[in-house]
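Reader: I am new to this one. Could you walk me through it?

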Amino acid sequence: MFSTLHIIVLLPFLLALVTPALARVFGKRLGWAILPMPVAVAAYLVRVLGSLHATGEGSTVAGGAAGEGFVAASWSWAPSIGLELALRLDGLSAIFALLIAGIGALVTVYSIYYLDEDEDLGRFYTCILLFMGAMFGVVLSDNLLALYMFWEITSISSFLLIGFWHESAESRQGALKSMLVTVTGGFALLAGIVLLGIAGGSFSLQSLLLERAAIQAHPYYPAIVLLILAGAFAKSAQAPFHLWLPGAMAAPTPVSAYLHSATMVKAGVFLTAKMGVL
């Protein structure tokens, strides 16, 4: 069943689809048409934050209303392979989602005044929205296969944002380097997720928590830890995967602020914290 959480994740993608058309209507003021979405998401998160627990203990409340500790909703997508858009908002994910929405709103305002009128504003805001939606998906996904899908969309959208000024060789090189490093790390993460699913018998993080002892005793456990950490380190530009970060600074300043100092590099921190309970 679709809920408020599904709307939070999917709305940026839907808005990205119509952004090129909105650009023809709003022109230089396009950012003001985009701004209400992250502001509304941030307002919702602030409203429910006080009722959430750090690890999501408590009962599930359908429809996106805050319950005793967390909000959860699920939509079965491809049940034959264990893929569902299962979302969970607890204290940890809410803090990161609030960062994504709040800083996204500030970056949108900054971009309105930073970008020239002759820039391709439709393409810029489309990529920002794709990145924002993917980041929401990363921090809210309870299904690890869905999390990986959103994880890779952040790599693709950041590639497009870093290379926004594609006429510049420096921008193209920075975008390519970031893509190669983060996608390679993503493959490591996928391998870790697959092994984790084999060891725990599920791709649901909540189900895996119930099998924590069995997972830790499994012979795959050391490989699972190393592969997931490799994915997290690559996304967060930690040594020895840090080489892509300086080249990424060739992006427009709002992009650098959003991707690197505020949200994308935090994805690895979030993943490490989330998976650290296993």
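Predicted model: local features only at pLDDT ≥ 70, side-chain atom pairs only at ≥ 80, totals over all residues.

Reader: Which residues form a nonpolar patch on the surface, and what is their accessible area together?

Author: Patch members have over 30% relative accessible area and no salt bridge, with nonpolar side chains (Val, Leu, Ile, Met, Phe, Trp, Tyr) joined within 5 Å. Areas come from the Shrake-Rupley method with a 1.4 Å probe, and for residues only the protein chains shown count as cover. The patch consists of Ile7, Leu11, Leu14, Leu17 and Val18, and their area together is about 480 Å².

Reader: Is Lys274 buried or exposed?

Author: Buried means under 20% relative accessible area, and exposed over 50% (1.4 Å probe, protein chains only). Lys274 has a relative accessible area of 11%, so Lys274 is buried.

Reader: Which residues is Lys274 in contact with, leaving aside neighbours within four places in sequence?

Author: Contact means heavy atoms within 4.5 Å. With those neighbours left aside, Lys274 is in contact with Asp90, Leu92 and Leu205.

Reader: How far away is the nearest side chain of opposite charge to Lys235?

Author: Lys and Arg count as positive and Asp and Glu as negative, while His and the chain ends are not counted. A salt bridge needs a side-chain nitrogen of Lys or Arg within 4 Å of a carboxyl oxygen of Asp or Glu. Lys235 is buried yet has no salt bridge. The nearest such side chain is that of Glu152, at 4.9 Å.

Reader: Which residues does Lys235 touch, not counting those up to four places away in sequence?

Author: With that exclusion, Lys235 touches Trp151, Thr154, Ser155, Thr182, Trp244, Met264, Val265, Ala267 and Gly268.

Notes:
Residues numbered from 1 in each chain as written. Heavy atoms only, no water. Patch = residues over 30% accessible without salt bridge, like charges linked within 9 Å, V, L, I, M, F, W, Y side chains within 5 Å.
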